[in-house]
Amino acid sequence: MVDPLTGKTELVQLGGPRRLRTIYNANLCSARAAGQWERILLPGISDRPRREPPAGLILPVDSPFWDTWMPPNGWGCKSWARQVTKAEAARRRVSEEPEAPDRVVRNERTGEVRIVPTGIDPGWQANSGKLRLDGAEAFMVGKIRLWPDEAQVAALRDIATRWRVRRIMNAAPDRAPVGLLPAEIATRAGLSDRLVWVNSNTFRHAVNAAEMESETMGKSSPNPE
């Protein structure tokens, strides 16, 4: 390019990682500032039918409500959700499941008719984070099933020691593959899937069984005469 100061043509790099990172960070900050200013000037303006859940709604993470109502709920929606601790939930009290009546929406261009909850734009009645995790899990499991047994066992052992399984052990509503059944056992049991999955119920049953065994062993038996 031509240097405007010297008039000479020089070879320069315009797309280096450092420059791109600087541009990205600047755009990110500008976009955030623009959004904050818009919220100040136009709080909650929307032309869609509004029946949004009340502010301060607290529900368990495994509530079916979040499958549909996890924000954003439409174009220009500024609702948001955050995680709270058990102590905060107990202090503020867990809410009752809100009613969410459906409405019929017709696409004037295509004639397509959809039934969506009142207050949600068509196409937004889903939990994008949950869909992403489900898609990533399906992709991962599909890849693992193509590997030799040794590689599958190694990958599943790695999954079993990660944060996701630790969350499940603490009663998080999730599941994860952690082991591989031997082929002969799966065949005898008539199972088409050799992967061993765990969820919060798995650990709850294990804890209950261990407690029952402990109580049984702790009981004193009468001495034989």
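**Group meeting: a pocket, a core and some salt bridges**

In the second largest pocket of this structure, helix 4 gives the most to the lining, with 4 residues. Before I go on, please keep in mind that this is a predicted model.

Let me stay with that pocket. It holds about 310 Å³ of space. Its lining is made of 13 residues, and the closest to the centre are M140, I159, R162, W163 and R164. Which elements give two or more residues to this lining? They are helix 4, helix 5, helix 6, which covers 163–169, and strand 3, which covers 175–180. As for the kind of residue, the lining has 7 nonpolar and 6 charged residues, and no polar ones.

R162 comes up again, in a salt bridge. Its partner is D158, and the closest N and O atoms of the two are 3.1 Å apart.

Now the overall layout. The chain has 8 helices and 4 strands. Going along the sequence, the order is α-α-α-β-β-α-α-α-β-α-β-α. There are 225 residues, of which 19% count as buried. If you take contacts between residues at least 6 apart in sequence, 49% of them join residues at least 24 apart.

In soluble globular proteins, nonpolar side chains tend to be buried together. The largest nonpolar core here has 10 residues, among them V141, I144, L156, I159 and L195. Two or more residues come from each of helix 4, helix 5, helix 6 and strand 3. Which helix gives the most to this core? That is helix 5, with 3 residues.

Once its neighbours within four places in sequence are left aside, V141 is in contact with P177, L195 and W197. There is also a second, separate core of 6 residues, including L57, L59, W66 and I120.

Back to salt bridges. How many does a search of the whole structure find? The search finds 9. I have shown you one, and here are two others.

One joins the side chains of E88 and R92, with an N to O distance of 3.1 Å. Both residues lie in helix 3, which runs over residues 86–92, and they are 4 residues apart, about one turn of the helix. The two ends differ in how they are placed. E88 has 12% relative accessibility, so it is buried, the cut-off being under 20%. R92 has a relative accessible area of 42%, so it is partly exposed.

The other joins the side chains of R145 and D193, at 2.8 Å from N to O. Where do these two residues lie? R145 is in the loop between helix 4 (128–144) and helix 5 (149–160), while D193 is in the loop between helix 7 (183–189) and strand 4 (195–199). The pair therefore ties together parts that are 48 residues apart in sequence. R145 is partly exposed, with 42% relative accessibility, and D193 is partly exposed too, with 27%.

That is the end of my part.

How values were computed. Residues are numbered from 1 along each chain as its sequence is written. This is a predicted model: local features need pLDDT of at least 70, side-chain atom pairs count only at pLDDT 80 or more; totals for chains, interfaces and linings use all residues. Side-chain values use heavy atoms; hydrogens and water are left out. A salt bridge is a side-chain nitrogen of Lys or Arg within 4 Å of a carboxyl oxygen of Asp or Glu. Buried means under 20% relative accessible area, exposed over 50%, partly exposed in between (1.4 Å probe, protein chains only). On a 1 Å grid over the protein atoms alone, a cavity is a set of points where a 1.4 Å probe fits but cannot get out, and a pocket is an open set with protein on both sides within 12 Å along at least five of seven lines; lining residues have an atom within 4 Å of a point. Grid points are joined across faces, edges and corners, and a volume is the space filled by probe spheres set on the points. Ala, Val, Leu, Ile, Met, Phe, Trp, Tyr, Cys and Pro count as nonpolar, Asp, Glu, Lys and Arg as charged, and the others, Gly among them, as polar. A nonpolar core is a set of buried Ala, Val, Leu, Ile, Met, Phe, Trp, Tyr and Cys residues joined through side-chain atoms within 4.5 Å. Contact means heavy atoms within 4.5 Å.
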